[in-house]
Amino acid sequence: MNPCELTASVTALANIIAGKFDDDQLSLIASIFVQLGDTLSTIIAQRTLCEKNDSS
């Protein structure tokens, strides 16, 4: 999937989700996805650091 297809897919998904929930629910869902993204970033950063330490 190229970058344009990926961003179009994410936008379409966001529009579908937004159409099914009210503003309060959507706010919570957005917060959950932000936390999920932040947590995944933390995990990959830690993995990268551990791999660099293991190869030293």
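**Leu36 and the overall picture**

At 44% relative accessibility, Leu36 is classed as partly exposed, because that class lies between the cut-offs of 20% for buried and 50% for exposed. Leu36 lies in helix H2, which covers residues 23–55. The model is predicted, and its chain contains two helices and zero strands.

**Helix H1**

- Helix H1 runs over residues 3–20 and has 18 residues.
- Its end C-alpha atoms lie 26 Å apart, which agrees with the 26 Å that follows from 1.5 Å a residue.
- At the start of H1, a side-chain oxygen of Asn2 comes within 2.9 Å of the backbone nitrogen of Cys4.

**Helix H2**

- Helix H2 comprises 33 residues and extends 48 Å from its first C-alpha to its last, close to the expected 48 Å.
- At the start of H2, the backbone nitrogen of Asp24 has a side-chain oxygen of Asp22 within 3.1 Å.

- Along the principal axes, the C-alpha atoms fill a box of roughly 50 × 30 × 10 Å.
- Of the 56 residues in the chain, 2% are buried.
- The chain exposes about 5000 Å², of which 62% is supplied by carbon and sulfur atoms.

Terms used: Residues are numbered from 1 along each chain as its sequence is written. This is a predicted model: local features need pLDDT of at least 70, side-chain atom pairs count only at pLDDT 80 or more; totals for chains, interfaces and linings use all residues. Side-chain values use heavy atoms; hydrogens and water are left out. Helices (H or I, at least four residues) and strands (E, at least two) are DSSP runs, numbered from the N terminus. Buried means under 20% relative accessible area, exposed over 50%, partly exposed in between (1.4 Å probe, protein chains only). The expected span of a helix is 1.5 Å times one less than its number of residues. A polar contact is a pair of N or O atoms within 3.5 Å; within protein, one must be able to donate a hydrogen and the other to accept it, and residues adjacent in sequence count only if both atoms are side-chain atoms. Accessible areas come from the Shrake-Rupley method with a 1.4 Å probe; for residues, only the protein chains shown count as cover.
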